[in-house]
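I opened this entry to log what I looked up.

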Amino acid sequence: MAAVFVSISGQGYQLDRYLVARVALEWDLERYQVAVFSDVFDHDGDFDIRRADDLELALGTARENWLEVEATNCLIPTTAEYQYFQAFKKYLADLHQVTEHNYQVFQEAQARYDEEVILYEVRYGVVATDKDGQPFIEVRKALALDPEPLPSGFWQIVTRGGREQQVRFAYVVSVTRTTILPSEEPRYCRQVPLPHTDETIYVNPLLTDAEVMAIKAALTARLRPLPERLRYEEFGLNSEQAARIEEAEGWLENV
């Protein structure tokens, strides 16, 4: 704690000595007002200093507020709260390390399987009729595996998620060779969700189910499981105590 010596010039009032802990003061000598604040609690209003008793009340209020907050928030190494805080810091560090590792695996895998896929853009016409009974053709497009339909007249096209489907088009307008990258056209590619992450690898839609499963197995072997979330009950804490400690962050490191 620190001794604070305060005097208000022009009025002859002074407080010779008052003990206040971790509190700073600012005052306006013209208005005879003092603002009391601290790094561990917020005080939004100014105290109107008209008499020495007013100043003493202001400093006393600051000290009482500080003691209340300190009693609630100040953790010492021997308490269960501080032990939980130390364990939570380690959990966050481990989580960050594992997350960074898994994200690097994801990036490397996407780059590896981001190979060009040759497909064929089939533009086809859909015949419709307007309200006057006049026909018109709307041109649409699809991605096919081959430049020609099967002998049955059906085209093998790629739909969302890299699924294959056979479709017969009544009016084919044009067929154009094209290439796609899985990362740029993910809706037409096979998906490989990665465990322990929120990421998904997009791969060649022409791969078989067995090939996709092999890719997932190989990547899963490289990924690390996320650290298990702390159970605050094991430290003898309740949910409110745990939430307060998890939100405390920086200033507790100096306790």
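I began with E234, which is exposed at 62% relative accessible area (buried is under 20%, exposed over 50%, partly exposed in between, with a 1.4 Å probe and protein chains only). I noted that this is a predicted model, where local features need pLDDT of at least 70, side-chain atom pairs count only at pLDDT 80 or more, and totals for chains, interfaces and linings use all residues. Residues are numbered from 1 along each chain as its sequence is written, and side-chain values use heavy atoms, with hydrogens and water left out.

**Salt bridges.** I found that E234 pairs with R231 in a salt bridge, 3.6 Å from N to O (a side-chain nitrogen of Lys or Arg within 4 Å of a carboxyl oxygen of Asp or Glu). R231 is partly exposed at 46%. The structure holds eight salt bridges.

Which residue does E121 pair with? I found K141, with the closest N and O atoms 3.9 Å apart. E121 sits in strand β6 and K141 in strand β7, so the pair ties together parts 20 residues apart in sequence (strands are DSSP E runs of at least two residues, helices H or I runs of at least four, numbered from the N terminus). K141 is exposed at 53%, whereas E121 is partly exposed at 22%.

**Backbone.** I checked H196 and saw a positive phi of about 65°, although H196 is not a glycine. Most residues other than glycine have a negative phi. H196 lies in the loop between β11 and β12. At 35% relative accessibility, H196 is partly exposed.
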